[in-house]
Amino acid sequence: MELHAYFVLGTILVVVYVWRRRRDPLNAIPTVGGPSLPLLSYIGAYRFMVRGQSLLDEGYAKYRGSAFKVAMFDQWLVVLSGTHLVEEVRKSPEEVFSSMEGVLYLTQFKHYIHPNIIKDPFHVDPIRDQLTRQLAPMLPNILDEIIETCKEHIPAKEHEWAALPGASIMLTMIARATGRAFVGVPMCRDPKYIHAAVSFTMDLVRARMFINLVPERFKPLVARFFQGPARNLHAAADTLEPLIRERESFLEREDDSEPGEKPADLLHWILESNREHGEKVHTVVTRLQLINFAAIHTSSASLTHALYHLLANPEYIPILRKEVEGAIRETGWTKASLEKMRMIDSLFKEALRYSGISLLSVYRRAMCDVKLPGGIHIPAGTLTSVAMHPIHHDEAFYKNADQFILERFSKVQGSEKDNARQQFVNTTAECVSFGRGKHACPGRFFASMELKVILAYLLMHYDMKLENQDEGRPADLRLGHSILPSRNAVVLFRKRVQVA
Ligand code: HEM
């Protein structure tokens, strides 16, 4: 080709590129973290992965009340940075901002599961319905499981400290207590079940890390090389199959069953719903594992964050113990007692506000072109989320936002409604730890009960301190948008001599 032909071709390519870029509506949304040119945006994606928080803080400071975008390896993420935008998303139907599409991006589980699960996630209904309604009768079982787990895993004596890895012991407590509510005894104590329930998250996270490096059309190919989630589901199905068969045969003869014979756990409620769907064991187990994915590491990270805040401020311990003792003395280990534990409620809410398990929340995919107030134009297909960590640290919403204040949410603020607004389980535009709107976490009522019982029980039965108490709160681990409590911190436990 003649030199001038190269020149003409090059000019055409540049013109087309500039024309397409100018027409791309995402260009109107400012970029934070690096250049937004093709390929160069990988620099921004790398920066977001290694120092996500400073990028989000920078974006929030510059574009508070509006939106900005950060690069990820496979696409842009538009970060909505105002509480009025949180409310816009809350009000939008699934056809405008899809939560399922947001979850699919975050998890990439679609490569490993039956498509019916995405079409009809009926397993979520029993969480909202039976699990949440039956918290009171379930509480004694949860407590029983916590007592057993402590006996097995906390080898502390009255005059001797036992040193245990904090994050891992909290994960064990959560896995067992959650298992008790999901599959009952003895399955919740079966090491194979616990392993499958806990490791599914890690299997998915590992696979997702690679899948999300490539554009959409190559994702199925990459997923084929990372079969950890698929293997996990097979192992979980093998472990759960005998129990599921037993439960199915119970459902067939339910009308002739003895009173008290009916199981009261999530697996049973999912199988009840499955009567009209007739799904096979593997698909039912997949549904259960997706709930474990949503429930276990979120709850254990929240519990560990709260525990580390508490142990780093040991002056809080007697305050909380007094509250627990008072409530238990009056109403025993009941839901009513937990409702009286306002300070513990506040501790968890403050731990999620201050630390949190993620920098972002309320992931959604725009299903059509969306116009938001302030002239923000979100093109169809764009992934969006809410700047949770910056909002949770905004002085306009939280006085002394960069301080951890135990009683921040426990003070009686006036009316019943104001009080309810303060509670851990409540979501607002300024507090999105559990998301917001129709798809806000349906498991939060269960999580709140479980976290409170575990911490209250530990406070009543153990003295606890950090091994490196002088070093303050163990530093969190940050990767991309995740905030994990320290994996290495060691907690010392000693059995208390006198307990209520
Ligand atoms: C402290 C622990 C937990 C935290 C911080 C948490 C947080 C969240 C968040 C941020 C969302 C997304 C909400 C949104 O996009 O608006 C979510 C969704 C969800 N969570 Fe939780 N969660 C926790 C515990 C649980 C538990 C124990 C369960 C099950 C019993 C559960 C089940 C779910 C499910 C099924 C969804 C998806 C709901 C939907 O798409 O409609 N979570 N959670």
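1. A word on terms before we start: contact here means heavy atoms within 4.5 Å. Leaving aside neighbours within four places in sequence, Arg-321 is in contact with Leu-459, Met-460, Tyr-462, Asp-463 and Arg-496. The residue belongs to helix α15; helices (H or I, at least four residues) and strands (E, at least two) are DSSP runs, numbered from the N terminus. At 13% relative accessibility Arg-321 counts as buried, where buried means under 20% relative accessible area, exposed over 50%, and partly exposed in between (1.4 Å probe, protein chains only).

2. Some housekeeping on the source. This is a predicted model, in which local features need pLDDT of at least 70 and side-chain atom pairs count only at pLDDT 80 or more, while totals for chains, interfaces and linings use all residues. Residues are numbered from 1 along each chain as its sequence is written, and side-chain values use heavy atoms, with hydrogens and water left out.

3. On to the aromatic rings. Rings of Phe, Tyr and Trp (its six-membered ring) pair if their centres lie within 6.5 Å; planes under 30 degrees apart count as stacked, over 60 as edge-to-face and the rest as tilted. The count by this rule is 11 aromatic pairs. For Tyr-316 and Phe-404, the ring centres are 6.3 Å apart and the planes are at 35°, so this pair is tilted. The two partners come from distant parts of the chain, 88 residues apart: Tyr-316 is in helix α15 (residues 316–331), and Phe-404 is in the loop between α18 (388–392) and α19 (416–422). Tyr-316 is buried at 10% relative accessibility, and Phe-404 is buried too, with a relative accessible area of 13%. Ring pairs also bring in Tyr-354, giving a cluster of Tyr-316, Tyr-354 and Phe-404.

4. How are the planes of Tyr-462 and Phe-493 arranged? This aromatic pair is edge-to-face, with 90° between the planes and 5.9 Å centre to centre. Tyr-462 lies in strand β9 (residues 462–466) and Phe-493 in strand β12 (residues 490–495), so the pair ties together parts that are 31 residues apart in sequence. Both residues, Tyr-462 and Phe-493, are buried.

5. A charge sits over a ring if NZ of Lys or CZ of Arg is within 6 Å of the ring centre and within 35 degrees of the ring normal. Lys-69 has its charged end over the ring of Trp-76, 4.9 Å from the centre. Arg-353 lies over the face of Tyr-398, at 5.1 Å from the ring centre.

6. Which protein atom is the donor to the iron of the ligand? The single donor from the protein is SG of Cys-441, 2.3 Å away. Donors are N, O and S atoms within 2.8 Å of the metal (3.2 Å for Na, K and Ca); water is not among the atoms, so sites may look incomplete. Cys-441 is found in the loop between α19 and α20 (444–461).

7. Now the cores. A nonpolar core is a set of buried Ala, Val, Leu, Ile, Met, Phe, Trp, Tyr and Cys residues joined through side-chain atoms within 4.5 Å. The largest has 91 residues, of which Phe-182, Val-183, Leu-458 and Phe-493 touch the most other members. Helix α14 (residues 281–312) gives the most to this core, with 13 residues. Apart from it lies another core, of 40 residues, among them Ala-45, Leu-55, Trp-76 and Val-386.

8. The side chain of Asn-232 reaches the backbone oxygen of Ala-196 at 3.1 Å, and a polar contact of 3.3 Å joins the side chains of Asn-232 and Ser-199.

9. Lastly, Glu-87 in helix α4 (residues 83–91). Glu-87 is buried, with a relative accessible area of 16%. Its side chain makes a polar contact of 2.9 Å with the side chain of Arg-90. Not counting residues up to four places away in sequence, Glu-87 touches Ala-429 and Arg-436.

Note on methods: A polar contact is a pair of N or O atoms within 3.5 Å; within protein, one must be able to donate a hydrogen and the other to accept it, and residues adjacent in sequence count only if both atoms are side-chain atoms.
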